[in-house]
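Trainee: Could we go through this model together? I would like to begin with its strands and then move on to other topics.

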Amino acid sequence: MNSLPSPQSPDHRPAPAGAFGRKPRVAVVFGGRSSEHGVSVVTAASVLRAIDREKYDVLPIGITAEGRWALTADEPERMAITDRRMPTVEQVADQDGAVLLPVDPASREVVYTEAGAVPKALGEVDVVLPLLHGPYGEDGTLQGLLELSGVPYVGAGVLASAVGMDKEYMKRIFTSFGLKVGPYTVIRPREWERDAAAARRKVTDFAAVHGWPLFVKPARAGSSIGISRVEGPEDLDEAIGAARAHDPKVLVEALLTGREIECGVLEFADGPRASVPAEIPPATAHDFYDFEAKYIDSAEGIVPAPLTAEQTEQVQRLAVDAFEAASCEGLVRADFFLLDSGEFVINEINTMPGFTPISMYPRMWQESGVGYTELIDLLLQAALRRSTGLR
C-alpha cells in the first residue's frame with residue numbers, strides 16, 4: 001500500500017479560510033432513533049473532547065430516541081457509560097425545544113424553536129459530523145436531508161450509507177465486484193408474515209448444507225445488537241424474534257471458522273488508503289463478539305494484527321476494494337474473516353464506525369501514524385472540500 005502522507009503534504013490542506021472568514025462551524029450530530037443510540041452518544045463524547053477548538057467552532061446537536069433534534073450541552077463528561085448503562089441524548093439536552101436544520105441550500109442557518117417563544121437563530125453551520133449509528137442516521141436518511149440542505153458532511157453519501165447498513169445488499173454488491181462473502185440467506189418481512197413455517201424450512205434447509213450453529217441477526221442494524229448464535233432448530237424462533245425486534249428483515253449466516261480481522265480506510269486527497277489491520281481475539285466470556293463484549297466489557301483488540309506482510313497487504317487491498325465497490329467516501333471500517341484455509345472473506349463494512357479512542361477504527365489509524373485529533377481534522381477538511389449533490 002502507499003505510505004501515509006506527511007502533515008505538510010497536500011492531503012492535509014485545510015479548506016480555504018476565505019470561504020468562511022472565520023473558523024468553520026461544525027455541527028456534531030449524535031444519538032438518534034436506532035438501537036445504537038447510546039453508542040452514538042459515547043462516540044460523540046469522545047469527539048467533543050478531541051476536536052481542535054482552536055480550529056473549529058462546535059455546535060453539539062443530539063437527536064432523541066423519539067427523533068427530536070435537541071440543543072445539547074457541550075459537556076462530554078455527561079455522556080459516559082455509567083454502571084453498565086449507556087447514556088442518552090435526553091440526559092444532556094439543554095431544553096425542551098427543537099433544533100431545525102434549513103432545507104434551503106441558499107441558507108445554512110440553524111434555528112432553535114420552543115413553544116410560545118420566538119425562534120432563535122443559532123448561526124450558520126459549515127459542515128456536519130454525523131456520528132449516528134444504525135437506521136435513521138447511518139443508513140442514508142440523514143445524508144439525504146443534508147444533501148437537500150446543501151450542507152457538507154463527513155462520510156458516505158446516500159447510496160453508500162444505505163448499502164453499508166443493509167447487509168443483504170452489501171453482500172450482493174461485494175459479490176458483483178468479485179469480493180468473497182460467506183454463505184447467507186435472508187428472511188424478508190413478508191416471507192415471515194405470510195408463512196413463518198416456510199421461512200423456518202428455508203433456514204433449516206440452509207443449515208442442512210452449511211451446518212449448525214448459525215448466526216441470526218437484523219439485516220439493518222449494527223454494534224452486534226439483536227444477534228443470536230443458534231445451535232439448532234429449536235432455538236430458531238427465539239433468535240428470529242430477537243432480530244425482528246430491531247429489523248423486520250433478518251439475515252442468517254453460516255459459521256465461518258477463522259480469525260476476525262478489521263482494517264480502516266480513510267480518504268485522502270489522492271484517494272482512499274488502508275490502515276494497519278487489527279485482530280479481534282475470541283471473546284472467551286461471550287459466545288461471540290457481541291454488544292456486551294464490545295462496549296460494556298471492552299474486549300481488547302490487537303493492533304496491529306499479527307499477520308504476515310503478504311496477508312497485511314492483501315487485507316488492506318481488499319478493504320480499499322470494498323470501499324470503492326460501495327462508492328464510499330471519507331471513512332470505512334472493513335471487517336473480514338481470515339479462514340483456516342488462508343483466504344480472506346469480507347463480513348461487512350461500517351460507514352460510520354465507533355469513534356471512541358478505544359474503538360478499533362481510531363486505534364488502527366493511531367498505529368498508522370494518524371492521531372485521534374488529526375483523524376477528526378482530516379475527515380472534516382475532506383468534507384469541507386467536497387460539494388453536496390451528484391459527484
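Trainee: In which sense do strand β5 and β6 pair, and over how many bridges?

Mentor: Strand β5, residues 109-113, pairs with β6 in the antiparallel sense over 4 bridges. Strands here are DSSP runs of E with at least two residues, helices are runs of H or I with at least four, and both are numbered from the N terminus. Two strands pair if DSSP finds at least two bridges between them. Please note that this is a predicted model, in which local features need pLDDT of at least 70 and side-chain atom pairs count only at pLDDT 80 or more, while totals for chains, interfaces and linings use all residues. Residues are numbered from 1 along each chain as its sequence is written, and side-chain values use heavy atoms, with hydrogens and water left out.

Trainee: Which residue in β6 does Val110 stand opposite?

Mentor: Val110 faces Gly123 in β6.

Trainee: What is the strand order in the open sheet?

Mentor: The order is β4-β5-β6, an open sheet of 3 strands with antiparallel pairing. At its edges are β4 (98-100) and β6 (120-124), each of which pairs on one side only. On average, neighbouring strands of this sheet are turned by 25° against each other, direction ignored; the axes are lines fitted to C-alpha atoms (for helices over the stretch in contact), and angles run from 0 to 180 degrees between N-to-C directions.

Trainee: Changing topic, how many salt bridges are there?

Mentor: The count is 26, where a salt bridge is a side-chain nitrogen of Lys or Arg within 4 Å of a carboxyl oxygen of Asp or Glu. One of these joins the side chains of Glu124 and Arg22, at 3.6 Å from N to O. Glu124 lies in strand β6 and Arg22 in the segment before β1 (25-31), so this pair ties together parts that are 102 residues apart in sequence.

Trainee: And which domains are assigned?

Mentor: The protein chain is assigned domain 1 (25-153), domain 2 (164-181 + 257-370) and domain 3 (184-254). These bounds come from an automatic or database domain assignment. The C-alpha centres of domain 2 and domain 3 are 24 Å apart.

Trainee: Which domains contribute at least three residues each to the lining of the second largest pocket?

Mentor: Domain 1 (25-153) and domain 3 (184-254) each do so. The lining includes Arg33, Tyr136, Asp139, Arg220 and His246. By class it has 5 nonpolar, 3 polar and 4 charged residues. In this scheme Ala, Val, Leu, Ile, Met, Phe, Trp, Tyr, Cys and Pro are nonpolar, Asp, Glu, Lys and Arg are charged, and the others, Gly among them, are polar. A pocket, on a 1 Å grid over the protein atoms alone, is an open set of points with protein on both sides within 12 Å along at least five of seven lines; a cavity is a set where a 1.4 Å probe fits but cannot get out, and lining residues have an atom within 4 Å of a point.
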